[in-house]
Amino acid sequence: MPVKRSEPSLPLLLAVSAIVVAALAILPRFIGIYQTELLIYSMAFAIAALGFNLLLGYTGLLSFGHSAYFGAGAYAVAFIAQRLHVQSMELLILGALLSTVVIAALFGYVCVRHTRIFFGILTLALSQVLWSLAYKFFWVTGGTDGMRVPRNAITLLGGLLDFRGAGAYQRFIYSYYYYVLALFVIAVAIMWVIVHSPFGKALQAIRDNEVRAGFVGIRVRRYRWIAFVISGLFAGLAGALWVPLNGLTTPDVLYWPFSGEIVFMTVLGGFRTFFGPIIGAVAFNYLKVYAVASSQYWQLMLGCVLVLLVLVLPSGILGTFTQPPPWVRRVASGKGAFVGASLAFLVALVALFWVWTDRFGTAGDLSNVIGTVAVIAAILAWFLLMALVYHRGGMIGHAWLGVLALLLPPIGAVVGFGGPALLVLPVLGFLIAIGLGAVLPSRVPTEQGA
Amino acid sequence: MEILIIQVLNAVFQAASLFLIAAGLSLIYGVMRIVNLAHGNFYAFGAYVSAWTVGAVVALAASRGVGLGLFWQLLLLPVGAFAVALLGALIEPTLLRPLYRRPEEYVLLITFGLLMILEDVLKLVFGGTPLTAGSIMDAMGSFRIGSALYPAYNLVVIGIGLIAALGLWWFIYKTRFGVILRATSQDRRMASALGLNVGRVYVQAFAIGCFMAGLGGAVVVPAQAAVLGMGIDALILAFVVVVIGGLGSLEGALVGALIVSAVRTAGVQFFPEVELAVLYLIAAAVLMVRPTGLFGRA
């Protein structure tokens, strides 16, 4: 089935990107240092997920071994910093990229001989070779203790900024934020150019039909190999940026469940869209930090989110708006179904919010689980509601209805008084949107079977 | 010489439990084309349930002043396997079936989600302390090999592994249900057109695969404690086994388990640092040369 891609025009995209980057640039002034640190982590993971998606979304290869390249970048930085006493972050990144290129080229050469599940298993097996080496050669890699890269051992911008003495942590976080942001913007721009270049189109041709792509003269295996190396490079860059922030690299980033997390991020955001993996990485990072902080059973919650995601919203956060799953389309195009489902989600949202405010703060780990699950479920209900209103708005030709649905909840949250009252304005907003969606006549005929 | 005998026995002991896990993984892939990432956690689940059941019943008997005989303890051991089979029979129709029409990535992802869920469910239900059914190991005692002592229970595991291999072979190649299973695995739509209830076959195949994983966990637990994270480690080894032997092949799982266990045992003795790396490299080499494995068919 050909996938319809509705991507915005370049000027619009540039304008929106400029606004987003400007917002990101002034954000640290308004949020605390901890949130800033979380954002740096999110951007690092976003680079990895973006690279991963070149393989999954654009080339049609599911790698289950991207931890190898992330870890290779991380360990390369640690090695060069510890053994060669290099301090300049630029040189460290360069070294990490070089090592990642070598490893990705080697592994990729082997892996691209296969596709589908064999490709996945092969990438998995090879990534585990690196893991076991990092794990077992403890006199070189520190074993499970990992390798430390303290922030006072690195300098940014060729020695212009160092992080020793008083207030080093603050200075580090705030300068490193802009450092990573700059590299993040560059990485996104490069990836955008890659997927829109003839090379990127060739990869998509290979994904859609390997045989035909071969017939028109695309050298399938070589293209896949190059895509693999580029994809690994992005993961390596992410790993290199991640180490000084984390202060330590352990074999955990090479172990295969971390590869699973990269897949998770990408699918969460939507792997059939360009920006999906970025949104997915940010969302996943917050989800994980939040879940880990609230309970020791965070894996349970993340697992449930993943299962729900696959069953209910297979096209991910962004994909739900660009390529809605069939059930969203069906529900949004029928008037009764739309009103019923929307109200159901709204009721669920309010109920879950009530559970959360009621439960949270009470002692006990399990009660925290219930509270956290309620929050996650409430976000999901809110999201589904938004998707329904958005698509209903889109279908009846009233795009502003979708915009209304997008804008009202955050406005309500900001204007609201805190506690359960936080919900009043968004609920009112949604009720207005649902009502308008139900009343206004449908201009676009029902689309079936998309 | 003693060491050699002991190491060979150790290798075969490891192979027995590894074969059980890998055979389940392979069976599920062979019939349903699902790579079940949660399979290792099914194994861990079986181990925990068995260890807990044996421990609880022994303690209950002791509190009533009765000693529980070795025979009864052994009889309690497979409880974990049945529990896992039941779990599998519940999971397949609810979580996996809706995804068969979608790209295979989604099935892989949902099993990854299951892996995370099961990992924490085990922690939630059984807690963080390792569980063992060591009472069985103690009751069986040990025998002498030269000047060394060797636990007798390990021989039981080897026996169970052999019986399971033979039983599974007989089941798949000699029974009517085996024919149905193989037919479904070869051509799902044709099997369905011939009037087979493919949905039911899938549930059964998945449950049997889970049963094998649970049995692998159950037989291991008197010798080694059930700990958190054991599933994730075991899955990778089982993967290596099925990749070497061939995905979907029973003989392959047997041979692969023997190879992997032999390499591991030799590795621990002679090259402990690269023991795991060598395994993965062997798997990668086999995949490169023969992607379908030593015994697999395309």
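The model is predicted: local features need pLDDT of at least 70, side-chain atom pairs count only at pLDDT 80 or more, and totals for chains, interfaces and linings use all residues. Residues are numbered from 1 along each chain as its sequence is written, while chains are lettered from A and ligands numbered from 1 in the order in which they are written.

**Where the chains meet**
- Chain B brings 35 residues to the contact and chain A brings 34 residues, with two residues in contact if their C-beta atoms, placed from the backbone, lie within 7 Å.
- On the side of chain B that touches chain A, helices H5 (104-126), H11 (230-245) and H13 (275-289) each supply at least two residues; helices are DSSP runs (H or I, at least four residues), numbered from the N terminus.
- H5(B) gives the most to that side, with 15 residues.

**Helix H4 of chain B**
- H4(B) covers residues 79-96, and its 18 residues should span 26 Å at 1.5 Å a residue, which agrees with end C-alpha atoms 25 Å apart; the expected span is 1.5 Å times one less than the number of residues.
- Its buried residues include B:Val84, B:Leu87, B:Ile91 and B:Glu92, where buried means that 20 or more other C-beta atoms, placed from the backbone, lie within 10 Å of the residue's own.
- Among what covers the buried residues of H4(B) are H2 (39-63), H5 and H10 (198-220) of chain B.

**A:Gly57**
- A:Gly57 is found in helix H2 (residues 33-59) of chain A.
- A:Gly57 counts as buried because it has 25 C-beta neighbours inside 10 Å.
- Not counting residues up to four places away in sequence, A:Gly57 touches A:Phe271 and A:Arg272.

Conventions:
Buried ≥ 20, exposed ≤ 12 C-beta atoms within 10 Å, placed from the backbone.
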